[in-house]
Amino acid sequence: MTSNPNNPSNDDDTPKDPLAEMLQNLMGGQGMGNIDPAELAKAAGLPNDPQLLQQMFAQVQAMMSSTSEGPVNWQLAHENARRVAAAGTDPSVNAVQAREIDEALRLAELWLDPVTDLSATGLIGRAWSRAEWVEATLGTWKRLTEPVANSVANALSTALTQQMPEEMKSMMGGASSMLQNMGGAIFGMQLGQAIGALSAEVVSSTDIGVPLADLEMALLPANVAKFGEGLSLPENDVRLFLAVREAAHARLFVQVPWLRGHLLGAIEAYARGIHIDMSRIEDLARDLDPSNPEGIQEALSQGVFTPERTPVQTAALEKLETALALVEGWVDELTAEATDKVLPSATALRETVRRRRATGGPAEHAFSSLVGLELRPRRLREAATLWATLKEERGIAGRDAIWHHPDLLPTGEDLDDPKGFSERRRLAEASDSEVDDALQKLLSGGYDSNEAADSDAADAPEPGDTAENTPGKEIDDEDTDTEGPAK
């Protein structure tokens, strides 16, 4: 066998595919045996398209034979996402669809003006194909998933190295970069698959509650039409309702500039603390029967690569879910107000969206299994009730003023008891005011002068005091007696 892993050969000098030979060695020398490539692709969650698989594995081989800037090959994730997005029907947006989306978003802005104190964004409404959604959002997906992606890639690389037979390790020689990048290749392909599949489900740029594309307001006509299938509602009603939701999201994230960073930062902080259970990956590599694709599929479906959630991460996730619920609850409440008297189907559409956001679609579940993160507002209804209560108590301006600073945001306790939010906030503000007053007195020296004044007041004679019960007076009398009779 040649020592060059990039061009190995068998005994009859016929060139061998390096990926095939590596799989053979990793599987104990058994080779691909009875494995049907189509079944293997199905088990890995990849499309059953021979030409597509050939292109994908060609890219993997090229990537593993070269160095990478990091543990994850994001170019592979990008190309796979684009490929999956285009695998179905993803027609380019035509002029009619673009005009319909633009008009719907313009009308949505007008409907929102009377129901919120936040001003319109002035953004131009966009109509995107699924591939355009991938292009516009991939940078944010990278930011959100990179901490998890690095952990998964490193874990896979370590597992592959540990499970590799000794003779394979010596054969690898100087091509160790191939192993270092294999984990990143696997995760990159999976991530691209998940994002590409998600592009077939989302209806707008903010559909998952997070502004994946900064300063954009867009709908996906193909997915809007898909959303309306089976609802027995006018297509225009569906488009307008979803346009109001998108415009409300855009208005919130544009007019509350700290909010996008607050949400993305919370997600990044959560992702950085995720750990991978190496023992599960090692057990998979050791126990899988390569001739049983169904067993591979079952192991992958059980989430063997799913990051492990710690108690600290669980607490962080609860805070993140509260923030997502507050965003979605505010949008839900404003959309209901804006469409109540102009769209007869608004109530039915509101309930449909609520259920969809609470449960998530298949692609969203696949994404959450991959990165261990669910971007679903579990407490959307409670948050909507809270915002409605605040409007009754404070009016539109008072309700929207809550977004002025992150410290003002309601907590999970406030979602439990919306009616008590204002009272708890009043007590908290009063307590903060007392602390500020006390600190100001301390810095200005006010406490010293007050203590002196209190001491003087304690020494001063009370009304009705006589010489006999006035301490200072007794001393004066004694001094007077030593000098002689008083005159």
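How many aromatic pairs does a search of the whole structure find? I ran the search and got 3 aromatic pairs. For the pairing I took rings of Phe, Tyr and Trp (its six-membered ring) with centres within 6.5 Å; planes under 30 degrees apart count as stacked, over 60 as edge-to-face and the rest as tilted.

**Ground rules**

I am working on a predicted model, where local features need pLDDT of at least 70, side-chain atom pairs count only at pLDDT 80 or more, and totals for chains, interfaces and linings use all residues. Residues are numbered from 1 along each chain as its sequence is written, and side-chain values use heavy atoms, with hydrogens and water left out.

**Entry: the Trp rings**

I looked at Trp-330 and Trp-403, an edge-to-face pair at 6.3 Å centre to centre with 85 degrees between the planes. Trp-330 sits in helix α14 (residues 311-339) and Trp-403 in the loop between α17 (380-400) and α18 (412-416), so the pair links parts of the chain 73 residues apart. Helices here are DSSP runs (H or I, at least four residues), as are strands (E, at least two), numbered from the N terminus.

I then checked Trp-403 for burial and found it buried, at 2% relative accessible area. Buried means under 20% relative accessible area, exposed over 50%, and partly exposed in between (1.4 Å probe, protein chains only). Trp-403 also pairs with Trp-387: the ring centres are 5.2 Å apart and the planes at 25 degrees, so this pair is stacked. Trp-387 belongs to helix α17, and its pair with Trp-403 ties together parts 16 residues apart in sequence. I noted Trp-387 as buried, at 0% relative accessibility. Trp-330 is buried as well, with a relative accessible area of 0%. Ring pairs join Trp-330, Trp-387 and Trp-403 into a cluster.

I listed what Trp-330 touches, leaving aside neighbours within four places in sequence: Thr-116, Leu-118, Ala-248, Leu-252, Trp-387, Arg-399, Asp-400 and Trp-403. Contact means heavy atoms within 4.5 Å.

**Entry: the core and the whole chain**

Which residues touch the most other members of the largest nonpolar core? I found Leu-112, Trp-133, Trp-141, Leu-252, Leu-259, Trp-330 and Trp-403, in a core of 79 residues. A nonpolar core is a set of buried Ala, Val, Leu, Ile, Met, Phe, Trp, Tyr and Cys residues joined through side-chain atoms within 4.5 Å.

For the protein I counted 21 helices and 2 strands. Buried residues make up 44% of its 487 residues. Of the contacts between residues at least 6 apart in sequence, 77% join residues at least 24 apart. The protein exposes about 24,200 Å², with carbon and sulfur atoms supplying 51% of it; areas come from the Shrake-Rupley method with a 1.4 Å probe, and for residues only the protein chains shown count as cover.

I compared helix lengths with the expected span, which is 1.5 Å times one less than the number of residues. The 29 residues of α14 should span 42 Å, and the end C-alpha atoms are 41 Å apart, which agrees. In α14, 21 of the 29 residues are buried, so the helix is largely enclosed by the rest of the structure.

Helix α11 (residues 258-272) has 15 residues and should span 21 Å; its end C-alpha atoms are 21 Å apart, which agrees. I listed its buried residues as Leu-259, Arg-260, Leu-263, Leu-264, Ile-267, Glu-268, Tyr-270 and Ala-271. Seen down the axis of α11, they fall within an arc of 165 degrees, so they line one face. The arc is that of the directions from the helix axis to the C-beta atoms.

**Entry: α15**

Helix α15 (residues 346-359) reaches 20 Å from its first C-alpha to its last, close to the 20 Å expected for 14 residues. I found Ala-346, Leu-349, Val-353, Arg-354 and Arg-357 buried in α15. They fall within an arc of 140 degrees, so they line one face of the helix. The face turned away from that side carries the exposed residues Thr-347 and Arg-355. After α15 comes Gly-360, with a positive phi near 80 degrees.

**Entry: α4**

Is Leu-76 buried or exposed? I found Leu-76 buried, with a relative accessible area of 5%, in helix α4 (residues 74-87). Leu-76 and Gly-184 are 108 residues apart in sequence and 9.3 Å apart in space, C-alpha to C-alpha. Ala-86 is also in α4 and counts as partly exposed at 47% relative accessibility.
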